[in-house]
Amino acid sequence: MPSGPDGSVMEIAVYGAGGVGAYYGGRLAQQGHDVTFIARGEHLDALRTEGLAVESVAGDFEVDCPATDDPAAVGEVDLVLFCVKSYDTADAAASLDAMLRPDSAVLSLQNGVDNEDVLADVVGTERVWGGVTYIFSTIASPGVVEHTGGPGRVIFGQYHDVDGPAPDRPALADDFLDACEAAAGMRADYTDSVHATLWDKFALICAQAGLTAATRQPFGVINDTDETWALYRRVMEEVVAVAHAEGVRFEWDPVTKWLDAMTSMDNDENYSSLHYDLTHGKRMELDALHGSAVRRARERNVDVPAVEAVNAILRPQADANEP
Ligand SMILES: NC(=O)C1=CN([C@@H]2O[C@H](COP(=O)(O)OP(=O)(O)OC[C@H]3O[C@@H](n4cnc5c(N)ncnc54)[C@H](OP(=O)(O)O)[C@@H]3O)[C@@H](O)[C@H]2O)C=CC1
Ligand SMILES: CC(C)(CO)C(=O)C(=O)O
């Protein structure tokens with residue numbers, strides 16, 4: 001049964017129905033919400049003809065949702081789950097308008113700290129929710145998504161200027177929280193500290209994605225190798241220093257939090273989406289991760305030698321994987 005605030009159905013478009021988008025969109029559709037997938041290529045063909053099959057550590061499922069490559073054909077929705085890779089953000093954002101009412105929202109679940117500003121420039125800051133997600137999920141084959149780990153957790157909040165106060169939580173956010181709470185295999189939490197939440201994840205992903213991709217080793221090997229573990233920590237420290245220089249205020253210490261969390265969970269075999277893309281010849285988000293951290297550090301005169309080194313090590317492979 002659908003479970004919006006009063007049993008109502010949310011209208012949701014998933015822009016970029018890949019590993020992340022199809023997983024969460026599929027979970028919400030499974031709960032009865034009106035979900036449309038925006039995808040392309042063979043994956044779109046399979047979604048249209050066979051529906052979506054999800055092989056998940058939280059339970060396999062199949063759903064049949066409308067799927068298109070034309071956002072204008074979707075109609076207006078309450079919420080767009082924005083899940084394209086960061087290098088596709090600007091192109092995809094340009095066609096959001098047809099799906100949005102004045103009170104609709106666009107929730108980015110992407111990695112990186114640049115996406116929300118790109119979205120805000122196009123649709124207005126008041127319609128953007130910044131978000132992060134913790135999951136390992138990929139397109140295994142056209143129409144098939146494989147969720148291999150991670151808690152399936154989303155943290156999001158109304159986007160706003162980094163120097164300004166957090167706006168009141170929109171009513172639509174409550175509807176979405178209710179929808180997520182009722183859905184299987186996922187969990188969502190709202191934050192009034194959206195910038196800290198985005199940079200907290202950015203610090204983790206620059207270390208986890210950077211080191212798993214650069215070494216081609218899983219977390220357990222990195223954690224067991226003193227020199228590599230020191231670099232993992234150093235990357236996080238440098239990214240947090242850039243965040244501080246940009247005016248982001250944390251009510252916690254991201255470095256201690258992540259080093260403790262990552263070593264205490266069952267994480268030894270885990271890599272990252274960047275490692276997956278590198279090893280599968282797919283275009284990499286390096287520019288939105290370490291590239292962005294280096295650019296922002298330069299603008300703020302922050303020294304980030306470890307992030308620069310990881311960026312430099314991965315750059316040839318990222319260039320080779322460009323289409
Ligand atoms: N995968 C994971 O486990 C995690 C990923 N993330 C982040 O989530 C974001 C999404 O990653 P992920 O789900 O892995 O990416 P995927 O590549 O699996 O999914 C994105 C999908 O969007 C499609 N797409 C892009 N642009 C368009 C467009 N204009 N019209 C229609 N379809 C489009 C892509 O098609 P095509 O392949 O043809 O380009 C692809 O199928 C990234 O920022 C990533 O860093 C965060 C946490 C975990
Ligand atoms: C943090 C991590 C590694 C898993 O959620 C991730 O975001 C990714 O693989 O892109």
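Q: Which residues are around ligand 2?
A: The model is a predicted one. A residue is counted here if one of its heavy atoms lies within 4 Å of the ligand. The residues around ligand 2 are N111, T133, Y134, I135, F136, K201, L204, I205, Q208, S272 and S273. By class, five of the shell residues are nonpolar, five are polar and one is charged.

Q: Which polar side-chain atom lies 2.5 Å from an oxygen atom of ligand 2?
A: That atom belongs to S273. The side chain of K201 places an N or O atom 2.7 Å from an oxygen atom of ligand 2, and a backbone N or O atom of I135 lies 3.0 Å from a ligand oxygen. Of the 280 Å² of accessible area that ligand 2 has on its own, the protein covers 92%.

Q: Which elements give two or more residues to the shell around ligand 2?
A: These are β8 (128-141) and α6 (194-215). At the level of domains, the shell draws at least three residues from each of domain 1 (11-192) and domain 2 (197-321).

Q: Why does the second largest pocket lie between domain 1 and domain 2?
A: The pocket lies between them because both domains give residues to its lining. The largest share, three residues, comes from α12.

Conventions: Residues numbered from 1 in each chain as written. Chains lettered and ligands numbered in written order. Predicted model: local features only at pLDDT ≥ 70, side-chain atom pairs only at ≥ 80, totals over all residues. Heavy atoms only, no water. Polar contact = N/O pair within 3.5 Å; in protein donor to acceptor, adjacent residues only side chain to side chain. Areas by Shrake-Rupley, 256 points an atom, 1.4 Å probe, with all protein chains shown as cover. Helix = DSSP H or I, 4+ residues; strand = E, 2+ residues; numbered from the N terminus. Nonpolar A, V, L, I, M, F, W, Y, C, P; charged D, E, K, R; others polar. Domains from an automatic or database assignment.
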